[in-house]
Amino acid sequence: MNISHIRLIPLFYWLLALCYIIAASFYHYPLQAIHKAAPILFLAIMTIKGPKRRIRLWLTLALIASATGDILLASALHNRFIFGLMAFAIAHLCYAIGFIPWAKITQRNLLRTLPLIGILVIILYVVLPQTAQLKLPVIVYMLIISAMALLAIFAQTHGLYLLSGAYLFVISDSLIALNKFVIALPAEHLLVMSTYYVAQYCLFTGCMKQEKTHVI
């Protein structure tokens, strides 16, 4: 991947993401589910075309699983929430496996986990009692995304991309949970999708930077 292609990644990604956020805010249209997943699939393609590093496999799998989850959640399937939850659980597992070699527990990193603990406590006491028959899948998903977030927080990087991506992913999923199980949130689509797309871009960029590919 040459430098001109690298510099175009943010442009194409955010063009696709913003087009979806704006269009889906006003009406439903054919292939909307595919459009929702398009920015993430674009990052997956850029990962496949990138240098043959260890992280490439796990990042590609995480992005493909995420795109699958996007499509499932936007589909008309009866159990789309469960299927989407499963797809994103796989995505977080792939991210977590990719982050393992970079993890190192330090005092600073431990302090960075405090907001995550706070968010999880809120979800535990506010959302979980409202999940009824979905309680077990939600608990399992919480454990998996927590593991991903912790490994991202512990990763020894030169920036805050992985840290920001992990927290924004947790926030995005927490907003989905609040909206589905507790109370209808104003501007839910805008809040969820904006934090989600930023989270995925931060995780992608953090992985690329960690592997010294100069993605900006």
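The model is predicted, so local features need pLDDT of at least 70 and side-chain atom pairs count only at pLDDT 80 or more, whereas totals for chains, interfaces and linings use all residues. Residues are numbered from 1 along each chain as its sequence is written, and side-chain values use heavy atoms, with hydrogens and water left out.

**Stop 1: Ala-89**

Keep Ala-89 selected and show helix H4 (residues 80–99), where this residue is found. Helices (H or I, at least four residues) and strands (E, at least two) are DSSP runs, numbered from the N terminus. Ala-89 counts as buried, at 11% relative accessibility. The classes are buried for under 20% relative accessible area, exposed for over 50%, and partly exposed in between, with a 1.4 Å probe and protein chains only. Next, draw a distance from the C-alpha atom of Ala-89 to that of Val-198: the two residues are 109 residues apart along the chain, and the separation is 19 Å.

**Stop 2: the whole chain**

Zoom out and colour by secondary structure. The chain has nine helices and zero strands, and from the N terminus on the order is α-α-α-α-α-α-α-α-α. Its C-alpha trace spans about 45 × 45 × 25 Å along the principal axes. The radius of gyration is 17 Å, which agrees with the value near 17 Å for a compact globule of 216 residues; it is taken over C-alpha atoms, and the globule rule is 2.2 Å times the number of residues to the power 0.38.

Switch to a surface display. The chain exposes about 11,100 Å², of which carbon and sulfur atoms supply 73%; accessible areas come from the Shrake-Rupley method with a 1.4 Å probe, and for residues only the protein chains shown count as cover. Buried residues make up 48% of the 216 residues. Among contacts with a separation of 6 or more, 74% join residues 24 or more positions apart.

**Stop 3: helices H6 and H8**

Two packed helices are described by the angle between their axes and the distance between the axes. Select residues 114–127 (H6) and 161–182 (H8): their axes come within 11 Å and cross at roughly 10 degrees. Axes are lines fitted to C-alpha atoms, for helices over the stretch in contact, and angles run from 0 to 180 degrees between N-to-C directions. H6 is therefore roughly parallel to H8; angles under 35 degrees count as roughly parallel, over 145 as roughly antiparallel, 65 to 115 as roughly perpendicular and the rest as oblique.

Now show the side chains. H6 contributes Leu-114, Pro-115, Leu-116, Ile-119, Ile-123, Val-126 and Val-127, while H8 contributes Tyr-167, Val-170, Ile-171, Ser-174, Ala-177, Leu-178, Phe-181 and Val-182. These residues divide into 14 nonpolar, one polar and no charged. Ala, Val, Leu, Ile, Met, Phe, Trp, Tyr, Cys and Pro count as nonpolar, Asp, Glu, Lys and Arg as charged, and the others, Gly among them, as polar.

Centre the view on Leu-116, which has its place in H6. Leu-116 is buried, with a relative accessible area of 2%. Leaving aside neighbours within four places in sequence, its contacts are Ser-146, Ala-149, Leu-150, Ile-153, Tyr-167 and Val-170.

**Stop 4: two loops**

Move to the loop between H6 and helix H7 (135–154) and select Ala-132. Although not a glycine, Ala-132 has a positive phi of about 50 degrees. Ala-132 is exposed, at 52% relative accessible area.

Then go to the loop between H8 and H9, where Ala-187 is found. Phi of this non-glycine residue is also positive, near 55 degrees. Ala-187 counts as partly exposed, at 47% relative accessibility.

**Stop 5: helices H2 and H9**

Select residues 32–48 (H2) and 188–210 (H9), whose axes come within 11 Å and cross at roughly 5 degrees. That angle makes H2 roughly parallel to H9. On the H2 side, show His-35, Lys-36, Pro-39, Ile-40, Leu-43, Met-46 and Thr-47; they meet Met-193, Tyr-196, Tyr-197, Gln-200, Tyr-201 and Phe-204 in H9. The contact comprises nine nonpolar, three polar and one charged residue.

**Stop 6: Phe-12**

Finish in helix H1 (residues 3–26) at Phe-12. Phe-12 is partly exposed, with a relative accessible area of 40%. Its C-alpha atom is separated by 8.3 Å from that of Phe-42, 30 residues apart along the chain.

Key. Contact means heavy atoms within 4.5 Å.
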